[in-house]
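The model comes first, then the terms and values.

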Amino acid sequence: MDLNFTAKDAAFRDEVRSFLNENLTDELKAHARLTPGILADHDLRVAWLKILHKRGWSAPSWPKEYGGPGWNVMQRFIWASECAAAGAPTGSNMGLSMVGPTLMGHGTDEQRKKYMPPILSGDDWWCQGYSEPGSGSDLASLQCRAVSDGDDYIINGTKLWTTGAHIANRMFCLVRTDPDAKKQEGISFILIEDFEAKGIKIDPIITLAGDHEVNQVFFDDVRVPKANRVGAENNGWTVAKYLLEFERGGAAHGAHLRNSLNKLKVIASTEHSDDGSKLIDDPAFQRKLNETDIEVTAVEYTEHRIMSQLSNGQNPGAAASMIKLRGSDTSQKITELGVEAIGYYATPHVMEARSWGSNVPPVGPDHALMVMPKYLNTRAMTIFGGSNEVQRNIMAKAVLGL
Ligand SMILES: Cc1cc2nc3c(=O)[nH]c(=O)nc-3n(C[C@H](O)[C@H](O)[C@H](O)COP(=O)(O)OP(=O)(O)OC[C@H]3O[C@@H](n4cnc5c(N)ncnc54)[C@H](O)[C@@H]3O)c2cc1C
């Protein structure tokens with residue numbers, strides 16, 4: 001694929017830039033800056049999505065027929081890069097990145113009509129109920145049980161590490177519908193429409209960085225209509241695997257990595273090395289920066305390849321595992337260099353200074369405030385969405401035929 005901008009691409013980039021200039025308020029940018037990980041402030045995230053929706057841009061990768069802008073690969077790349085560079089709110093939106101594509105591939109027309117528009121408008125927020133205690137990498141061993149009762153299922157069990165369950169009003173989940181079948185063959189994919197239903201309990205889990213992003217969810221006789229199943233009964237594993245390719249491949253890692261690396265370079269231009277010179281001029285630190293730059297470029301190019309495959313109607317397949325693995329590793333590396341760059345200012349934990357409008361000053365320079373929270377939060381990247389070891393296993397099997 002040709003990566004040079006055509007006149008049309010350049011015009012689109014200018015259109016995106018002026019849209020971001022006009023709509024991205026200081027408050028939205030500050031929130032994005034103060035978000036260490038995967039969940040931006042929910043109200044602001046929704047507010048931003050609504051602004052995008054008004055313009056028809058809330059789902060960059062969705063085709064026009066489902067309410068997306070119908071952008072081509074280059075337009076999506078320009079959009080992601082410009083948003084990252086402008087500091088737009090990011091954060092996980094599982095409705096857009098996972099539920100939508102899954103319904104396009106495996107849902108019924110009725111399910112698409114019902115669930116896709118409120119994802120676009122930001123009125124519905126989805127969380128992912130896959131993992132359970134003892135069933136993470138070995139997801140097919142999951143135990144959360146759905147028993148048939150007329151037109152409904154009755155669900156009992158628990159889901160663990162559920163990102164954003166406390167802000168979601170809907171959940172997509174995997175449940176065991178046949179305990180006697182081979183483990184992959186007894187699973188169904190269910191949409192829980194009423195996530196505030198009787199019998200659902202959500203317990204927070206606070207992360208290392210002090211944030212509330214993940215939860216444990218308990219189901220006690222929760223009734224869900226069978227019409228909310230995606231795909232055939234006991235065929236949920238096929239749907240789940242299809243979805244995981246989007247989870248691993250669709251995150252625009254390249255643009256975010258480039259943005260983080262640029263910020264790191266700014267920090268290194270301000271901080272000093274032991275001999276008093278600018279850190280960015282220190283040969284040892286410079287080498288690390290350059291090596292990381294090469295890794296970011298490799299991720300960007302791999303991502304272009306995946307986007308190109310997607311635009312030709314192919315699924316990303318094992319390349320999604322490759323980008324997940326390299327994207328996560330490189331992201332962690334950038335945050336490690338951030339900690340190295342700010343030295344002892346990485347130590348103070350000033351949670352209060354991380355709120356929008358707070359009058360509590362950070363300890364040390366402003367740029368140091370989010371370095372440690374980001375470092376800590378980024379540790380989870382090589383675990384969630386399939387750990388590094390699991391991604392390597394997938395690639396070994398699918399690419400190398402081992
Ligand atoms: C911040 C965060 C957010 C998350 N969000 C969600 C969410 O929204 N929804 C959801 O469903 N889940 C979510 N998860 C769960 C995540 O998908 C699991 O944690 C992950 O799949 C690993 O499973 P586990 O924690 O059970 O660890 P295990 O599977 O027990 O793994 C433990 C270790 O063993 C290694 N290992 C396991 N199997 C193999 C193997 N076959 N070969 C080699 N090494 C292996 C792993 O790589 C890991 O190092 C989240 C996790 C985190 C940390």
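## Helix α6

The bend at a residue is the angle between two axes, one fitted to the seven residues ending there and one to the seven starting there. Helices are DSSP runs of H or I with at least four residues, strands are runs of E with at least two, and both are numbered from the N terminus. The model is predicted: local features need pLDDT of at least 70, side-chain atom pairs count only at pLDDT 80 or more, and totals for chains, interfaces and linings use all residues. Residues are numbered from 1 along each chain as its sequence is written, and side-chain values use heavy atoms, with hydrogens and water left out.

Helix α6 spans residues 109-121 and kinks by about 25° at Tyr115, shortly before the proline Pro117. From first to last C-alpha its 13 residues reach 19 Å, close to the expected 18 Å, where the expected span is 1.5 Å times one less than the number of residues. Gly122 follows α6 and has a positive phi near 85°.

Several residues of α6 are buried, among them Tyr115, Met116, Pro118 and Ile119. Buried means under 20% relative accessible area, exposed means over 50%, and partly exposed lies in between, for a 1.4 Å probe and protein chains only. The cover over the buried residues of α6 includes helices α3 (42-55) and α5 (94-106), along with strands β1, β4 (170-176), β5 (187-192) and β8 (229-230); contact here means heavy atoms within 4.5 Å.

## Salt bridges

There are 22 salt bridges in the structure, each a side-chain nitrogen of Lys or Arg within 4 Å of a carboxyl oxygen of Asp or Glu. In one of them, the closest N and O atoms of Lys159 and Glu132 are 2.8 Å apart. This pair links distant parts of the chain, 27 residues apart: Lys159 is in strand β3 (residues 152-160), and Glu132 is in the loop between β1 (126-129) and β2 (145-149). Lys159 is buried at 0% relative accessible area, and Glu132 is buried at 6%.

Arg326 has salt bridges to Glu295, at 3.8 Å between the closest N and O atoms, and to Asp329, at 3.3 Å. Asp329 and Arg326 are both in helix α10, three residues apart, about one turn of the helix. Residues three or four places apart in an α-helix point the same way because there are 3.6 residues a turn. Arg326 is partly exposed at 32% relative accessibility, as is Asp329 at 21%. Elsewhere, a network of salt bridges links Arg258, Lys265, Asp293 and Glu300.

## Aromatic contacts

The structure has 12 aromatic pairs. Rings of Phe, Tyr and Trp (its six-membered ring) pair if their centres lie within 6.5 Å; planes under 30 degrees apart are stacked, over 60 edge-to-face, and the rest tilted. Phe19 and Trp48 form a tilted pair, with centres 6.2 Å apart and planes at 40°. Phe19 is in helix α1 (residues 7-23) and Trp48 in helix α3, so this pair ties together parts 29 residues apart in sequence. Both Phe19 and Trp48 are buried. Phe19 also makes a tilted pair with Trp79, at 6.3 Å and 50°. Phe12, Phe19, Trp48, Trp57, Trp71 and Trp79 form one aromatic cluster.

The charged end of Arg55 sits over the ring of Trp57, 4.3 Å from its centre. The criterion is NZ of Lys or CZ of Arg within 6 Å of the ring centre and within 35 degrees of the ring normal. Lys226 is placed likewise over the ring of Tyr153, its charged end 5.5 Å from the centre.
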